[in-house]
Amino acid sequence: MKTHFLRLLDYERWANAQLVASIESLETPPERALSLMSHVLNAQMVWFTRVANDHLVVGVWDVLPVAWLSETLEHSYQKWSSFVKDTDEADFDKIITYQTTTGATFQSSLGDILTHLSHHAAYHRGQIITILKSELSQVPSTDFILWARQS
């Protein structure tokens with residue numbers, strides 16, 4: 001499982017970087033694209049605080065300055081990658097109790113949380129690409145299989 005989740009993290013880093021680069025290339029990126037990209041990156045950090053009992057410094061819908069996107073992406077990747085590398089195989093089934101941003105309490109396995117992060121980001125990347133189609137002559141392709149062929 002550890003290898004699978006590390007691969008997902010590597011893919012997420014690559015796919016998110018494709019969109020960050022596209023957003024950075026625009027003189028005035030669409031507000032909604034920036035908001036959604038910020039949300040993807042912020043959500044990764046919010047979930048990290050839940051599983052690692054880390055200090056939360058960002059709101060899930062805070063809009064990041066364009067200049068912070070790459071650094072935030074890399075910071076998130078480093079935190080998650082180190083965390084997963086240090087996690088024992090059996091701990092991916094460990095149940096994490098957490099509160100949502102609305103205060104509701106839930107329990108999920110670490111493996112389910114990591115899977116959710118990947119699916120959540122893919123959903124929003126699709127939205128971002130739809131927005132960027134009117135701004136760019138060519139939008140990035142972020143399909144997992146494209147990344148897997150290159151790895």
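Predicted model: local features only at pLDDT ≥ 70, side-chain atom pairs only at ≥ 80, totals over all residues.

**Exercise 1. Determine how helix 1 and helix 3 are arranged relative to each other, and describe their contact.**

Solution. Step 1: consider the axes. Those of helix 1 and helix 3 come within 10 Å and cross at roughly 180°.

Step 1: classify the angle. Angles over 145 degrees count as roughly antiparallel, and helix 1 is therefore roughly antiparallel to helix 3.

Step 2: list the residues involved. Helix 1 contributes Lys2, Phe5, Leu6, Leu9, Asp10, Arg13, Asn16, Ala17, Val20, Ile23 and Glu24. From helix 3 come Leu69, Ser70, Leu73, Glu74, Tyr77, Gln78, Trp80, Ser81, Val84 and Lys85.

Step 3: sort the residues by class. The contact of helix 1 with helix 3 divides into 11 nonpolar, 4 polar and 6 charged residues.

**Exercise 2. Carry out the corresponding analysis for helix 2 and helix 4.**

Solution. Step 1: consider the axes. Helix 4 covers residues 110–132, and its axis and that of helix 2 come within 9 Å, crossing at roughly 175°.

Step 1: classify the angle. With the cut-off of 145 degrees for roughly antiparallel, helix 2 is roughly antiparallel to helix 4 because of this crossing angle.

Step 2: identify the partners. On the side of helix 2, the residues in contact include Arg32, Leu36, Val40, Gln44 and Trp47. On the side of helix 4, they include Leu110, Ile113, Leu117, His120 and Ile131.

Step 3: sort by class. The contact of helix 2 with helix 4 has 14 nonpolar, 6 polar and 1 charged residues.

**Exercise 3. Describe the volume and the lining of the largest pocket.**

Solution. Step 1: give the volume. The largest pocket has a volume of about 280 Å³.

Step 1: describe the lining. The pocket is lined by 14 residues, and those nearest its centre are Met45, Val57, Val58, Thr72 and His75.

Step 2: trace the lining to its elements. Helix 2 (31–52) and helix 3 (69–85) are the elements that give two or more residues to the lining. Helix 3 gives the most, with 4 residues.

Step 3: sort the lining by class. The lining of the largest pocket has 6 nonpolar, 5 polar and 3 charged residues.

**Exercise 4. Is Asn16 buried or exposed, and which residues does Asn16 touch?**

Solution. Step 1: locate the residue. Asn16 lies in helix 1.

Step 1: apply the cut-off. Buried means under 20% relative accessible area, and Asn16, at 1%, therefore counts as buried.

Step 2: list the neighbours. Leaving aside residues up to four places away in sequence, Asn16 touches Met37, Val40, Leu41, Gln44, Leu73, Ala121 and Arg125.

**Exercise 5. Classify Asn53, Val63 and Asp112 as buried or exposed, and describe the setting of each.**

Solution. Step 1: recall the cut-off. A residue counts as exposed when its relative accessible area is over 50%.

Step 1: treat Asn53. This residue is in the loop between helix 2 and helix 3, and its relative accessible area of 71% makes Asn53 exposed. Although not a glycine, Asn53 has a positive phi of about 50°.

Step 2: treat Val63. This residue also belongs to the loop between helix 2 and helix 3, and at 51% relative accessibility Val63 is exposed. Beyond residues up to four places away in sequence, Val63 touches Leu34, Ser35 and Ser38. Val63 and Asp93 are 30 residues apart in sequence, and their C-alpha atoms are 33 Å apart in space.

Step 3: treat Asp112. Found in helix 4, Asp112 is exposed with a relative accessible area of 52%. Asp112 and Ile96 are 16 residues apart in sequence, with a C-alpha to C-alpha distance of 9.9 Å.

How values were computed
Residues numbered from 1 in each chain as written. Heavy atoms only, no water. 1 Å grid on protein atoms, 1.4 Å probe; cavity = no way out; pocket = protein on both sides within 12 Å on 5 of 7 lines; lining within 4 Å. Points joined across faces, edges and corners; volume = space filled by probe spheres on them. Nonpolar A, V, L, I, M, F, W, Y, C, P; charged D, E, K, R; others polar. Axes fitted to C-alpha atoms, helices over the stretch in contact; angles between N-to-C directions. Parallel < 35°, antiparallel > 145°, perpendicular 65-115°, else oblique. Contact = heavy atoms within 4.5 Å. Buried < 20%, exposed > 50% of the residue type's maximum accessible area, 1.4 Å probe, protein only.
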